[in-house]
Amino acid sequence: MNRKDFLRTSSLLGIGFSFPSLSLASLGQKKEEDKTIYSSVFSVDIEHLRKLSNVIAGDLPTRINVTKVADTIRPANVVVEGENPDEKMTLSRTVYQVIFPQGTIMLDSGMDLETHRTFGKTIEPYYPENFENVKEALNKANLIILTHYHADHSAGVIRSEKIDELAYKVWVSKDTAELLIHKPHKPTVEISAEKVHQFILVDFETYYPIAPGIVVFKAPGHTIDSKMIYIRLADGREFIHSVDSGWSMQNILKEKMKNASWVSENEEQLRAQYKWLNRLMKTEKNITVLCSHDNEQYNDFIRKGILGNGLTI
């Protein structure tokens, strides 16, 4: 199956049959308490995610690859409230790639060096060879999902010299599109409405099946447009990509907020997400939670073979 056919059988079909009302309230389904966290601010059902992962026909993905384009080093108490201010934590700036027999889907797009330098006040590690591989992987991908509007996730697309060639396969929610246009996260990622309107723009309520085995679901809190991603591989393993809900798994495991003065988040929403993720990790032993910026997890999962080291290009 070529790239065009693969894309046609995934989320581009979804534009024609979007899922605008797949919320628990509209479905009227009663779920077991150990499967669902009922909350006015975050309510996602793992069993429903599993069902939706089957609605688009095709081969399931076979693995998930990861690379990082940069590192950010912060005091531990900035990353996780209450931690030792004298300790440092390294946050990796990652890009994930989902591998299918017929092609690839990119989860976010990384950032170029100029954008990286807008984060923080000191010179921090940047890996240009890795970003060159990201650019090539974006060019060859069947689909590129932008989980939210922040520059370290969107700049790889927005700053690309091939943006006009990439645009037709960049998937964004309409709220992310509005933020990209009207509230660019950094000066380097300013983009016109004309450019953004070339993307695949999708409006949905809670869940959106993207491709076989992949479901995007809304998780506002870190930003108002934030999302997480459910991934089911052909070998039966399941992943929840929590993206930036926590900068570290310690945010999630300890249910503690970030403590950065420049970050404005919805604490109620994030605490509900942390409780949901912790419940999953305790009750669903087949599920692995991914955290975009957790450098310890990045190294550990590559070492254990849970994630592939580097991108397929």
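Figure 1. Of the contacts in the chain with a separation of 6 or more, 71% are between residues 24 or more positions apart; a contact means heavy atoms within 4.5 Å. The model is predicted, so local features need pLDDT of at least 70 and side-chain atom pairs count only at pLDDT 80 or more, while totals for chains, interfaces and linings use all residues. Residues are numbered from 1 along each chain as its sequence is written, and side-chain values use heavy atoms, with hydrogens and water left out. The chain has 14 helices and 12 strands; helices (H or I, at least four residues) and strands (E, at least two) are DSSP runs, numbered from the N terminus. Among the 313 residues in the chain, 57% are buried. Buried means under 20% relative accessible area, exposed means over 50%, and partly exposed lies in between (1.4 Å probe, protein chains only).

Figure 2. Helix H13 covers residues 267-283. Its 17 residues should span 24 Å at 1.5 Å a residue, and the end C-alpha atoms are 24 Å apart, which agrees; the expected span of a helix is 1.5 Å times one less than its number of residues. Buried in H13 are Gln 269, Leu 270, Ala 272, Gln 273, Tyr 274, Trp 276, Leu 277, Asn 278 and Leu 280. The cover over these buried residues includes helices H4 (46-52) and H12 (249-254), together with strands S8 (214-218), S9 (227-232), S10 (238-241) and S11 (287-290).

Figure 3. Lys 258 counts as buried because its relative accessibility is 8%. The side chains of Lys 258 and Glu 265 make a polar contact at 2.6 Å. A polar contact is a pair of N or O atoms within 3.5 Å; within protein, one must be able to donate a hydrogen and the other to accept it, and residues adjacent in sequence count only if both atoms are side-chain atoms. A polar atom of the Lys 258 side chain also lies 2.9 Å from the backbone oxygen of Ser 245. The side chain of Glu 265 makes a further polar contact with the side chain of His 222 (2.6 Å). Leaving aside neighbours within four places in sequence, the residues in contact with Glu 265 include Gly 221, Asp 244, Met 257 and Leu 270.

**Figure 4. Asn 259 in the loop between H12 and H13.** Asn 259 is found in the loop between H12 and H13 and counts as partly exposed at 41% relative accessibility. Asn 259 and Glu 81 are 178 residues apart in sequence, yet their C-alpha atoms are 5.2 Å apart in space. The side chain of Asn 259 reaches the backbone oxygen of Asn 77 at 3.2 Å. Apart from neighbours within four places in sequence, Asn 259 is in contact with Asn 77, Val 78, Val 79 and Glu 81.

**Figure 5. The largest cavity.** The structure holds 1 cavity of 30 Å³ or more, and about 50 Å³ of space lies in the largest cavity. On a 1 Å grid over the protein atoms alone, a cavity is a set of points where a 1.4 Å probe fits but cannot get out, and a pocket is an open set with protein on both sides within 12 Å along at least five of seven lines; lining residues have an atom within 4 Å of a point. Grid points are joined across faces, edges and corners, and a volume is the space filled by probe spheres set on the points. The lining of the largest cavity includes His 148, His 222, Lys 227, Val 243, Asp 244, Leu 270 and Gln 273. S9 and H13 are the elements that give two or more residues to this lining.

**Figure 6. The largest pocket.** About 610 Å³ of space lies in the largest pocket. Of the 25 residues that line the largest pocket, His 150, His 185, Trp 247, Trp 262 and Val 263 lie nearest its centre. Strand S1 (63-75) and strand S2 (88-100) are the elements that give two or more residues to the lining.
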